[in-house]
Amino acid sequence: MHIEMPEDVKDIICTLQKNGYEAYAVGGCVRDSILGRMPEDWDITTSAMPEETKALFARTFDTGIEHGTVTVLKGRTGYEVTTYRVDGEYEDSRHPREVTFTRSLKEDLKRRDFTINAMAYNDEEGLVDIFGGLKDLEGKVIRCVGNARERFSEDALRILRGVRFAAQLEFDLEEETREGMRELAGTLANISAERIQTELVKILVSDRPDLLREAWRLGITKVFLPEFDLLMETEQETPHHMYSVGEHTLHALQNIRPDKVLRLTMFFHDMGKPALKTVDEDGVAHFKRHAVKSEEITRIVMRRLKFDNDTLRKTAKLVCYHDLRMPATPANVRRAMNRIGKELFPLYLEVRRADVLAQSEYLRREKLDDISKVEAIYKEILSLNQCTSVKELAVNGRDLITEGIRPGREMGEILDKLLEEVLEMPERNTKEMLLKRAKEIYSQS
């Protein structure tokens, strides 16, 4: 088997080999190359000790020297070169207390998480596959190297990484690996929120976000996302739905493109339903004001998982308005654009479609037609460059000051009233008309 490696990677490996050391491309880059996917980065493993590696290359810096990793710079690109190592005892379900360097490639590969990530390659020897990674790639299986419980007890994050790899590659989890995940799922509580967030997002934007169902069945999500478990346990006895809240959420995730904010929105959009569920005397379920509750939970969970403020803001707003429906008139659409924002409005339309497509067939055609009408009006508003926010008014605070209106709360109220009128009648958005109207409002106050 031949793997085409970048020239820089070949050069690093050849330099190490010419100086008497073993060196291979290793891990994800080998896996992805075999699968015909473009590797995100290229990692190199070697029998050379860190100081020996540094001595061979002109430009290096210490990345994780205590774990044997040196970054070799080629132009503006850095390549991590790591000494073969054996990990010592793990004390926090994540990090080994110490590492021991070794000259044995097999010992290094033994410590890795899954067979598909434990293959090495160089042009001289070809593929080194001691643990059956190639067979598992062909069988589309995620399997631990050696004993699954040992691998997960060393590093609990591997539990979530296994689900993530299955979701990204559309593979199945091997049975012993699944059981190891189930048995040690609780140890994910020792993993930092930032690490959990990274893996969760990768699952959500993968081709199989619905593998969160498997994470729920294995008791994984209840450790860091008990809110999701409640979704999976909440039925929806209503003509508009044919799935539980959780199953509806998983279907909605698959109905929308793999954009981070969009997938997060679909994941959180119904989080408020379990707390607000009521059932009337006819046995029909209701979830009144669930969007507001969902936004509240979204903010709580995203802060807990240390999401950045911009992603949180966009996701929370889309969750809040995901169920906003309106008669398809220009004035109503302009008001909705004002509430949601021009930036997020096209995403809101995508969210509404994904939501409807994950519901029952009941009134589906009518719902989708309504969304299409709103979208057509939205595009017309954009083409006409109509005003939908205070900052797009033909007048601003400075203009009002020149007319003798004092800055402060009253000025803000005047601008808001002007906007209300312009949202209804966009032709009024001229400086002359708005200044005249502002003076009228001011004189009446």
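Reply: In the lining of the largest pocket, the greatest contribution comes from α7, which gives 7 residues. The model is a predicted one, in which local features need pLDDT of at least 70 and side-chain atom pairs pLDDT 80 or more, while totals for chains, interfaces and linings use all residues. Residues are numbered from 1 along each chain, and side-chain values use heavy atoms, without hydrogens or water.

The lining of the largest pocket comprises 42 residues. (A pocket is an open set of points on a 1 Å grid where a 1.4 Å probe fits, with protein on both sides within 12 Å along at least five of seven lines; lining residues have an atom within 4 Å of a point.) Nearest the centre of the largest pocket lie Asp-43, Glu-80, Arg-112, Asp-113 and Arg-161. Two or more lining residues come from each of the helices α2 (28–35), α7 (157–169) and α9 (193–204), and likewise from each of the strands β2 (43–46), β3 (60–64), β5 (77–83) and β6 (85–87); helices are DSSP runs of H or I with at least four residues, and strands runs of E with at least two.

The volume of the largest pocket is about 1600 Å³, taken as the space filled by probe spheres set on the points.

Strand β3 pairs with β4 (residues 69–74) in the antiparallel sense, over 4 bridges; pairing requires at least two DSSP bridges. Within this pairing, Phe-61 has Thr-71 of β4 as its bridge partner. The hairpin of β3 and β4 has 4 residues between its strands, and Gly-68 there takes a positive phi near 90 degrees.

The second largest pocket may be set beside this account. The second largest pocket contains about 460 Å³ of space. Its lining has 20 residues, and His-240, His-241, Asp-323, Arg-325 and Gln-359 are the closest to its centre. Here β13 (285–286), α19 (345–357) and α20 (364–383) each supply at least two lining residues, and α19 has the largest share, with 3 residues. By class, the lining of the second largest pocket divides into 9 charged, 8 polar and 3 nonpolar residues.

Methods:
Ala, Val, Leu, Ile, Met, Phe, Trp, Tyr, Cys and Pro count as nonpolar, Asp, Glu, Lys and Arg as charged, and the others, Gly among them, as polar.
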